[in-house]
Amino acid sequence: MPEIHYHDYLQLDKILSAQFPESVKRQLPAHDEMLFIIIHQAYELWFKQLHHEVDSVVSILARPSLNDNSPELQTVVHRLNRCVTILRVLVHQVDIMETMTPMDFLDFRDMLRPASGFQSWQFKELEAKLGLKFDHRHGKEYYTAQLRSEHVDLIKKAENEQSLLQLLNSWLERMPFFNEKENWGVAISDTGEKGHPFWNEYRQRYARSLDEAEKSNLAVFDEVFFNNPPSLNRESLALSAEANRAALFIMLYRGYPILQLPFQLLNSLLEIDEQLSSWRYRHMNMVHRMIGTRIGTGGSTGKDYLKAAADKHYIFKEIAQLNSFLIERSKLPALPYYMEERLGFVHQ
Ligand code: HEM
């Protein structure tokens with residue numbers, strides 16, 4: 001094997017000769033177009049890395065035998081946290097873009113039409129792999145309207161495969177410690193309610209924790225955790241009532257060793273949503289600053305389109321919603337000894 005050289009290993013010939021400013025081609029060189037190209041290329045490279053991480057996480061979560069305390073689950077959490085760190089960098093990269101003034105942008109903006117970040121299929125495919133469904137997209141068909149057909153195919157394929165969110169649902173549903181056929185020996189108040197004693201007890205404690213103005217939360221509690229009454233929009237929800245119960249249990253009892261990794265997994269997904277949303281808002285504000293209320297080069301309403309997409313495209317919002325159903329630690333129902341043992345925490 002020939003000795004590897006840095007230049008060849010990184011294919012720098014290709015990467016460093018892949019910047020062709022339109023303004024130079026038209027002999028009207030605009031200094032900042034180089035920055036504009038390089039920053040978009042840097043984003044696309046990071047998007048590629050995010051796909052690499054998400055694909056690997058999806059393939060691990062798709063294994064039916066994934067254990068909750070296994071090295072594989074640690075790998076999942078580690079890689080999702082890496083995605084979070086990359087997304088943080090992507091949010092900060094907007095700072096560099098903002099060193100370009102609106103007038104500098106105008107020097108070459110019209111030459112780019114109708115090209116737009118709107119045609120970034122990697123970004124849309126990533127949203128789909130994470131779990132954003134077509135029905136939940138702002139503007140529906142519109143989001144693929146300007147993509148090439150081969151890129152639309154990639155996004156449709158990702159939408160039809162099991163997303164990270166769907167795999168999370170299956171994983172939560174099969175929590176091995178979480179056998180609701182047992183009653184967990186929980187001491188219950190005599191309410192005559194049907195259902196699992198632990199959840200009946202928890203529901204009562206939650207109800208007592210609500211302020212007058214929050215009383216309607218109890219109906220949402222029943223819908224989210226017991227599908228009662230059967231939710232009309234259940235089809236559009238990713239997490240089943242059973243998965244929601246497992247996720248809430250993880251959040252409530254996360255101090256137990258076996259629940260620490262599952263908790264970190266849930267937390268990293270919320271962090272991904274938060275960073276994606278920060279990116280959308282920073283991008284939107286930058287767009288507003290750069291082009292005001294003019295339409296985008298991709299022909300959308302510009303800032304208004306981006307705002308609507310930012311508000312609607314939270315992917316893990318069903319997990320975030322579970323935080324409304326937490327109660328204080330000191331009010332949690334105590335778990336029986338054998339449950340504590342199962343969760344990896346045994347009193348001496
Ligand atoms: C001067 C800088 C920028 C301006 C003025 C700008 C403007 C816009 C506008 C107006 C849209 C809406 C679609 C349209 O009508 O074109 C859009 C979408 C988008 N832009 Fe930018 N953009 C800028 C920089 C960037 C950068 C650096 C990236 C990094 C990849 C990026 C990625 C995207 C993406 C992914 C979308 C689609 C968002 C969605 O559909 O939710 N943009 N941009």
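Biologist: Are H10 and H14 roughly parallel or roughly antiparallel to each other?

Modeller: This is a predicted model, where local features need pLDDT of at least 70, side-chain atom pairs count only at pLDDT 80 or more, and totals for chains, interfaces and linings use all residues. Residues are numbered from 1 along each chain as its sequence is written, and side-chain values use heavy atoms, with hydrogens and water left out. Helix H10 (residues 164–173) packs on H14 at an angle of about 155°. Angles under 35 degrees count as roughly parallel, over 145 as roughly antiparallel, 65 to 115 as roughly perpendicular and the rest as oblique, so H10 and H14 are roughly antiparallel.

Biologist: How far apart are the axes of H10 and H14?

Modeller: Helices (H or I, at least four residues) and strands (E, at least two) are DSSP runs, numbered from the N terminus. Axes are lines fitted to C-alpha atoms, for helices over the stretch in contact, and angles run from 0 to 180 degrees between N-to-C directions. For H10 and H14, the axes are 13 Å apart.

Biologist: What is the distance from the side chain of Ser-116 to an oxygen atom of the ligand?

Modeller: A polar contact is a pair of N or O atoms within 3.5 Å; within protein, one must be able to donate a hydrogen and the other to accept it, and residues adjacent in sequence count only if both atoms are side-chain atoms. Tyr-305 has a side-chain N or O atom 2.9 Å from a ligand oxygen. For Ser-116, the distance is 2.7 Å.

Biologist: Which helix gives the most residues to the shell around the ligand?

Modeller: The shell holds 27 residues. The elements that give two or more are H4 (33–61), H8 (121–130), H14 (257–291) and H15 (303–312). With six residues, the top contributor is H14.

Biologist: How many residues of that shell are charged?

Modeller: Ala, Val, Leu, Ile, Met, Phe, Trp, Tyr, Cys and Pro count as nonpolar, Asp, Glu, Lys and Arg as charged, and the others, Gly among them, as polar. The shell has 15 nonpolar and ten polar residues. The charged count is two.

Biologist: Is the crossing of H4 and H5 left-handed or right-handed?

Modeller: H4 and helix H5 (residues 71–97) pack at about 165°, axes 10 Å apart. A crossing is left-handed if the near helix is turned anticlockwise from the far one by less than a right angle, and right-handed if clockwise. H4 passes H5 in a crossing that is left-handed.

Biologist: Which residue is joined to Pro-114 by a cis peptide bond?

Modeller: Pro-114 lies in the loop between helix H7 (109–112) and H8. Omega of the cis bond is about -5°. The partner is Arg-113.

Notes. Near = heavy atom within 4 Å.
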